[in-house]
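User: I would like to go through this model one question at a time, with the cut-offs spelled out as we go. Shall we start?

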Amino acid sequence: SSDFKIVYGEDKSVAATLYIMEPNEKGDLIEKESFPLKFEKELYLSWVPGNEKIVLGYKSQTDVTAPVSQIAPIPQIILLDLTTKEQKTKKQKSLVQGEQMNLNTKVSPDGKWLAYITINFPGKAQNPIPLYQMDASRTCLISLQDNQKNCLAPTPNENPELIGWKKDGKSVFVADQEGISDQIYELNLEGTKALRFTQGEQSIQVARLNSAGDAI
């Protein structure tokens, strides 16, 4: 019970653990290592190719002593290095913090870039059409080596939904509205253009890229 608190009528976890499991010769899952986390909600996890690092997107705990009007979970994305042997020195690298963003991220096939959606991008929106009182958002990349940030070309409605990486790792697929229809766009890493991938008028409910990155 000490691990949970009631905050304004909501059950919020104040302590959690990430477990790394592996099967033994019998096929049973055995704990390899564990890592304590402090998050409120919306935990997303993505493995980096090579299986030595994990990208975690979550909303961290807030200061319960702050005024009610100022209490809001802080979204952040971190890189967890599993190769560090000592638990106390296990390396965490902050990739993005303090931005209003979608925490469902996608790692490039070569493990060099992380794609995510943010409303905090350099410059002003080119042609924003606010939906549901939301600000214009953009697809951006963060280098997993040096945290270099690069925002890609805007889509027509500037409200993209991240689908995934193309097989060659040179472009990202997103979905967005255009007029009264939904379309899928291919964004190159140079950020120079958004190429419409689909045609016609349709309403896309769900779009998923396969693990090979060669079919949606």
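**Burial, pairs and pockets**

User: Is Glu99 buried or exposed, and what is its relative accessible area?

Analyst: Happy to start there, with a note that this is a predicted model: local features need pLDDT of at least 70, side-chain atom pairs count only at pLDDT 80 or more, and totals for chains, interfaces and linings use all residues. Residue numbers run from 1 along each chain as its sequence is written, and side-chain values use heavy atoms, with hydrogens and water left out. Buried means under 20% relative accessible area, exposed means over 50%, and partly exposed is in between (1.4 Å probe, protein chains only). Glu99 is therefore buried, and its relative accessible area is 13%.

User: Which residue forms a salt bridge with Glu99?

Analyst: Side chains of opposite charge can pair when their charged atoms come close. The rule here asks for a side-chain nitrogen of Lys or Arg within 4 Å of a carboxyl oxygen of Asp or Glu, and the count comes to four salt bridges. In the one formed by Glu99, the closest N and O atoms are 2.9 Å apart, and the partner is Lys149.

User: How many residues apart in sequence are the parts that this pair ties together?

Analyst: Helices (H or I, at least four residues) and strands (E, at least two) are DSSP runs, numbered from the N terminus. Lys149, which is partly exposed at 31% relative accessibility, forms the salt bridge with Glu99. Glu99 lies in the loop between strand 8 (92-97) and strand 9, while Lys149 lies in strand 12 (residues 149-151), so the parts tied together are apart in sequence by 50 residues.

User: What about Glu186 and Lys166: how far apart are N and O in their salt bridge?

Analyst: Glu186 is buried, with a relative accessible area of 13%, whereas Lys166 counts as partly exposed at 30%. Glu186 sits in strand 15 (residues 181-188) and Lys166 in the loop between strand 13 and strand 14 (171-178), so the pair ties together parts 20 residues apart in sequence. From N to O, their side chains meet at 3.2 Å.

User: Let's turn to pockets. What volume does the second largest pocket have?

Analyst: Rolling a probe the size of a water molecule over the atoms shows where empty space is left. On a 1 Å grid over the protein atoms alone, a pocket is an open set of points where a 1.4 Å probe fits, with protein on both sides within 12 Å along at least five of seven lines. Grid points are joined across faces, edges and corners, and a volume is the space filled by probe spheres set on the points. For the second largest pocket this gives about 310 Å³.

User: Which elements give two or more residues to the lining of the second largest pocket?

Analyst: Lining residues have an atom within 4 Å of a point. There are 16 of them in the second largest pocket, and the closest to its centre are Val107, Trp165, Leu209, Asn210 and Ser211. The elements giving two or more residues are strand 9 (101-107) and strand 13 (161-165).

User: How many residues of that lining are charged?

Analyst: Asp, Glu, Lys and Arg count as charged, Ala, Val, Leu, Ile, Met, Phe, Trp, Tyr, Cys and Pro as nonpolar, and the others, Gly among them, as polar. The lining of the second largest pocket has six nonpolar and six polar residues, and the number that are charged is four.

User: Is Glu158 buried or exposed, and what is its phi?

Analyst: Glu158 is placed in the loop between strand 12 and strand 13. Glu158 is buried, with a relative accessible area of 2%. Its phi is positive, in a residue other than glycine, and lies near 50 degrees.
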